Amino acid sequence: ISFNNAARAYIEGTLSITGNTTNRVAVGSAATNAANIFAPAITFAPGSTCRTFVTGQSAFAAGNTAPVSAHAVLFQGGSNFYYDGGYSPEANSSTLPFIDFAPGSNYYFTTTNASQTGIFFNTRTYGNVIIGDGVKSVAVNATGGGAVIDTLIIKQTSSFMMNGSTPLGINGDLVADGDFIPALSSPKANAVVFSGNGKVQKIRGTGTVTIPNFTVAATAKVSLAKTTNKTILTAASVRVLGKLDFADNTLTDNTGNAADIATFTANVAPAIPDLSATTIVKGNYQVAVTAGTATTAMIGYIVTGIGVAANTVITGVPDANTINLSQPLIANATSPVALSLSVKGATLETANANGFDTTLGSVIVKGTKTFAPGTSYVIDAPTTVPFGMSSVPQGSLIGKSLTINATGQVVTNATMTVTDSLVLSSGILSIRTTDSITVANGGALRGKNFGATTYMATNVNKTTGAQGIFSYKGLAANTLIPVGSAANYLPVTLSPVNTS
């Protein structure tokens, strides 16, 4: 079936494209019709289905070297696209996103693509991607780079293999009842950026999850929610710019390979110069910037500017002239377009009884660990190691916020100054005699249920006189301080005459 420049198709039922190169849907060549075609030429409506199994060429392209025009095929939210085998329906272009998958669309792989030609998952955004059916073993290789997927679901007995060239962005959940694995050719180069776009994302399922380079972007809120096989494997680096909730899961580089030593970094986000885009095209998620200004250090940073959707982050930097975004651009703009880069600060949450112990806690990678100043903590279970300790000692810790949300005692393992807020939701924050907790000038002490099970215990060594200390800077009004001993709640109300 061929569509001329004026033809449009809106498909509400099922379209199956099978056979050889004579059985395809052609919607015009980018080489000849790019200026004339009115995209999309073919729209798959919610509830519709498309199945492809074409050998030799893409089911949609006008040819492998002259694919259809950009944004020519659209799968709307709720539509279903099945890859049943054959040449990649995405053709072999690394730069032309001619198929658009709207959020909520579904891309099913019913068979293995390992021996097939063409590029799979490259330079475009995807809706939900579902690998296998839980019965048949399906192995999918992402042969392209720089894709951004909403929710990735890997059924039991199946697998999804990353490509090491450019980071894979994930905006939704990673549900791995099968295996999520790096490319065998360059396993330590593989990277995933959890971009979130402001939504909570879960990594869950019963399969093996291996992410050599793991980035939690500045807008992301990632929850490690595996209920069995509660280990996330890494082999090179973990970088947290947003929120990472470990629950009772663990990050480790214990992959079985002695060379897989990973580093962990929370909240080290140096100021980076803003960018200037040379092209902003609605629908694209790849942006050309001033030559030589893009660096991989920008990955995970928030991007703001004309045509950029809220909560968008950089998911990849293919070269020094290009950045990939977590969301498609929402408007056209004439260059130059200023793009501002920023971060918010890391938040680490744990329900591990061993907290952030270096060998038993939430982060047990063997490489250098850096819990930088400005990191926030949420502690959801009793522990004696609530704060992460950097491999290079930092002395007194500086945290942005500290939230105690445990049933029982959380015992300090260091002195900390909180610059934003100390929140006592439940549980007892027990301050050792060697430690102090300070709410800095401008910070706040918060909580609603102060009492015998929710307060701060300032411990005392009656022999040496050493004692745990709580300090609240900048008080200017009557303030209840929920303190006590290890055994009793003994609150104090301070009424400063002047700001103190």
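The bridge partner of V192 in strand 21 is F214. Strand 18 (residues 191–194) and strand 21 (residues 213–216) run parallel and are joined by four bridges; strands here are DSSP runs (E, at least two residues), numbered from the N terminus, and two strands pair if DSSP finds at least two bridges between them. The model is predicted, so local features need pLDDT of at least 70 and side-chain atom pairs count only at pLDDT 80 or more, while totals for chains, interfaces and linings use all residues. Residues are numbered from 1 along each chain as its sequence is written, and side-chain values use heavy atoms, with hydrogens and water left out.

Eight strands form an open sheet with parallel pairing, in the order 9-12-15-18-21-24-27-35. Strand 9 (125–126) and strand 35 (369–371) stand at the edges with a single partner strand each, so one side of each has no neighbour in the sheet.

Beyond four places in sequence, F160 touches residues including F121, I131, L152, D179 and F180, contact being heavy atoms within 4.5 Å.

T315 lies in strand 31 (residues 314–319). Its relative accessible area is 1%, so T315 is buried (under 20%; exposed is over 50%, partly exposed in between; 1.4 Å probe, protein chains only). Among its contacts beyond four places in sequence are V148, P167, I299 and N324.

Pockets were located on a 1 Å grid over the protein atoms alone, as open sets of points where a 1.4 Å probe fits, with protein on both sides within 12 Å along at least five of seven lines; lining residues have an atom within 4 Å of a point. The largest pocket has a volume of about 670 Å³, the space filled by probe spheres set on the points. Of its 36 lining residues, D100, T125, G283, N284 and P328 are the closest to its centre. Strand 7 (99–101), strand 9 and strand 29 (286–288) each give two or more residues to this lining.

The volume of the second largest pocket is about 310 Å³. K243, K344, G345, T347 and K400 are the closest to its centre of the 19 lining residues. Strand 37 gives the most to this lining, with three residues.
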